Amino acid sequence: MNSQEEILREKLSDYYSKIFEVELIDEIVRVGHIDKIKSGEIMIDIDQDMTHIPLILNGVVKIKRREKNGEELLLYFLERGDTCAISFVNCINRKKSIFKGVVEQDLEAIFLPVAHIDDWLAKFKSWRHFIIDSYHFRLIEMVEAIDSLAFMKMHERLFKYLTDKVKITKDVNLEITHQEIADDMHSSRVVITRLIKQLHEEGRIYSTRNKIRVLDF
């Protein structure tokens, strides 16, 4: 076993060995590769060829959808133990990505060639369960995103966005600009600034320049 395979096996043993068969672990070690992507960089962009899917070891990725006018909307986050199962069908059909994945926290992931992942569905029970569960969770998150757009007031949508960020980052202190929030929420900086001030006055958050502490969590 070479050093790359040893590193891969060690990384997988920390989490994925609990859910994948030994034979599947062996396959991942054989064909996968580890990559690191810095915060703020793009993991996958819209209309980009999908050659690999990630198994996330560390970090956070936010998945966004772009409208025809070029504006983007945050759909959900991926974190440790996740993969972007919604894009799985695109991989199988060799279609281009319909989502944009932006690294929120420095990412370390094992990237798997799409040529293998379809065969694994028939070959490995744990892989089928992993993909189906991942697809289920991502679908629920997208439904929640649609519900928040349709039924929640902007004031509550913003607070949900902030608490979701806390859950993902595991830190009640968020370093984020009003413009970044506006971009994620498909809104304007002026509106977000007004709503942040409102949440601050209600005692649900404490806001300073580019920093927000979520208090009511």
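Which residue of β4 is the bridge partner of Lys64? It's Leu74. The model behind this pairing is a predicted one, in which local features need pLDDT of at least 70 and side-chain atom pairs count only at pLDDT 80 or more, while totals for chains, interfaces and linings use all residues. Residues are numbered from 1 along each chain as its sequence is written, and side-chain values use heavy atoms, with hydrogens and water left out.

Strands here are DSSP runs of E with at least two residues, helices are runs of H or I with at least four, and both are numbered from the N terminus; two strands pair if DSSP finds at least two bridges between them. β3 (52-66) also pairs with β5 (100-113), again in the antiparallel sense, through 11 bridges. Within that pairing, Leu55 has Ile110 of β5 as its bridge partner. As for cover, 11 of the 15 residues of β3 are buried, where buried means under 20% relative accessible area, exposed means over 50%, and partly exposed lies in between (1.4 Å probe, protein chains only).

Glu72 sits in strand β4 and is buried, at a relative accessible area of 17%. Its side chain makes a polar contact of 3.1 Å with that of Lys100 and another, of 3.5 Å, with that of Lys64. A polar contact is a pair of N or O atoms within 3.5 Å; within protein, one must be able to donate a hydrogen and the other to accept it, and residues adjacent in sequence count only if both atoms are side-chain atoms. Leaving aside residues up to four places away in sequence, Glu72 touches Lys64, Arg65, Arg66, Lys100, Asp183 and His186, contact being heavy atoms within 4.5 Å.

Next come the pockets. A pocket is an open set of points on a 1 Å grid over the protein atoms alone, where a 1.4 Å probe fits, with protein on both sides within 12 Å along at least five of seven lines; lining residues have an atom within 4 Å of a point. The largest pocket has a volume of about 500 Å³, volume being the space filled by probe spheres set on the points. There are 22 lining residues, and Leu75, Tyr76, Phe77, Lys160 and Asp164 are the closest to the centre of this largest pocket. Two or more lining residues come from each of β4 (72-78), α5 (125-151), α6 (154-169) and α7 (178-185), with α5 giving the largest share, 7 residues. By type, the lining of the largest pocket has 11 nonpolar residues (Ala, Val, Leu, Ile, Met, Phe, Trp, Tyr, Cys and Pro), 10 charged (Asp, Glu, Lys and Arg) and 1 polar (the others, Gly among them).

The second largest pocket holds about 340 Å³ of space. Ser39, Glu104, Lys165, Glu175 and Glu180 are the closest to its centre among 18 lining residues.

Most residues other than glycine have a negative phi. Asp47, though not a glycine, has a positive phi of about 75°; this residue lies in the loop between β2 (42-44) and β3 and is exposed, at 55% relative accessible area. Asn210 isn't a glycine either, and has a positive phi of about 60°. Asn210 is in the loop between β7 (205-208) and β8 (211-214) and is partly exposed, with a relative accessible area of 34%.
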